[in-house]
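Please read it with the coordinates open.

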Amino acid sequence: MLNLTIQKMIMHDLDLKKSSPTTFNKVIDLSTLPVEVVEFFSKHISNVLTNRKILNCRFIDHESMVLKDCIAIAKKPAEDQIFIDHTVNIAQKLFNSMETSTSTSSGALIFVTFTINEEETRYLGLLKMDPNKAIQLDPDNNTFKVQKDILPSVKENLHKCSVIKLESNLFSEEVHLRVLDKQQLKGEVSKFFLTAFLQAKKVVNDKTMTDLIHKKLLEYALAESIIEVNQLAGFALEVDQILYPGRKVDLDVDLEGLFGSYFEGEADIEEAINSFKMVLRDDYENAYFRFTAESDTPTFYNITEQEKKIKVSFPTQLQETNVFLSEEFEDGVRTRVIKIRGLDLKEKVI
């Protein structure tokens, strides 16, 4: 789980049976919230940012209403009234978009400003929470009612989410916001939540993700003692097969298969997947987890000996097809055997 610090929170009620949203003119006093509620939203935001379906997005242009409201909040982060006024604007915008779409799902729209890992960068989370018996709005007291024994899972009930970086010059950044929409209707996200409401579009950089995941997976496997150094070549080959150019990568599914060879229990596999995704996110805040693998150059496996200046190098995808590595012991001396099969080799002295 990411280390989140929630700074402000406000909620507005989107009841489609009414003619307009019910908005609140007061920021929630975080000190009055049950610990379970704060933990619920912290865990949910963390899960959103590492969800396999998260989309990196940019606002379409400078005139996006949600962008303008977020910039206003970013310029004066300490001003409660600014936060209140502009979240009301956003709630009205979403309500209007829902009225003209096929959406029939009323619920609360919760706004949360937060930081990650004690960094200075602030984010605004927009979380649309469908009605739920376990955690409910208490409009009279501007807080939430909680049935502690039946708190909803962080994987459920909050189906539409967006996390927006609060920067006054946000348009100069590669990625402006991250969007997750779990609803079932195909295509509806692009027509309604992403395009009509947020006025944003998807951004991809599949080559960056391919290169980053390859590098970090090898580092992670060694650092966490998932593999020994002498297993690195085989592990790199497995990673190359996952990240083969043109292949559709679903990191959660692919890592489950990869780590399944190295862990016995499902809980250990899930923990390793989540831990690795946190490592990715720490290194590249815009990491996402479903993409088409793209790479300009193959990964090379190197065998070296510094003192004798020996070096053997070959693309990892050739291992076990054209290049075969093994170890033998002759008169008690460890011998590394390299066999190259089916290739026309040329020799050169340099």
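1. Ground rules. This is a predicted model, in which local features need pLDDT of at least 70 and side-chain atom pairs count only at pLDDT 80 or more, while totals for chains, interfaces and linings use all residues. Residues are numbered from 1 along each chain as its sequence is written, and side-chain values use heavy atoms, with hydrogens and water left out.

2. Overall fold. The chain has eight helices and 15 strands. These are DSSP runs numbered from the N terminus: helices are H or I with at least four residues, strands are E with at least two. Of the 350 residues, 45% are buried. Buried means under 20% relative accessible area, exposed over 50%, and partly exposed in between (1.4 Å probe, protein chains only). Take contacts, meaning heavy atoms within 4.5 Å, between residues at least 6 apart in sequence: 66% of them join residues at least 24 apart.

3. Surface. The chain exposes about 18,900 Å². Carbon and sulfur atoms supply 48% of that area. The areas come from the Shrake-Rupley method with a 1.4 Å probe; for residues, only the protein chains shown count as cover.

4. Helix H6. Which residues of H6 (232-242) are buried? They are Ala-233, Phe-235, Ala-236, Leu-237, Val-239, Asp-240 and Ile-242. An α-helix has 3.6 residues a turn, so residues three or four places apart point the same way. The buried residues of H6 pack against helix H5 (206-223), strand S10 (248-250), helix H7 (251-259) and strand S12 (300-305).

5. Salt bridges. The structure holds 15 of them. The criterion is a side-chain nitrogen of Lys or Arg within 4 Å of a carboxyl oxygen of Asp or Glu. Lys-68 pairs with Glu-63, with the closest N and O atoms 2.8 Å apart. Lys-68 is partly exposed at 41% relative accessibility; Glu-63 is exposed at 52%.

6. Arg-247 is partly exposed at 29%, whereas Asp-254 is buried at 10%. Arg-290 meets Asp-250 at 3.6 Å, N to O. Arg-290 lies in strand S11 (290-292) and Asp-250 in S10, so this pair ties together parts 40 residues apart in sequence. Arg-290 is partly exposed at 40%; Asp-250 is buried at 13%. Elsewhere, salt bridges that share partners join Lys-165, Glu-173, Arg-281 and Glu-285 into one network.

7. Strands S7 (158-165) and S8 (177-181) are the elements that give two or more residues to the lining. S7 gives the most, with three. The lining divides into six nonpolar, two polar and four charged residues. Here Ala, Val, Leu, Ile, Met, Phe, Trp, Tyr, Cys and Pro count as nonpolar, Asp, Glu, Lys and Arg as charged, and the others, Gly among them, as polar.
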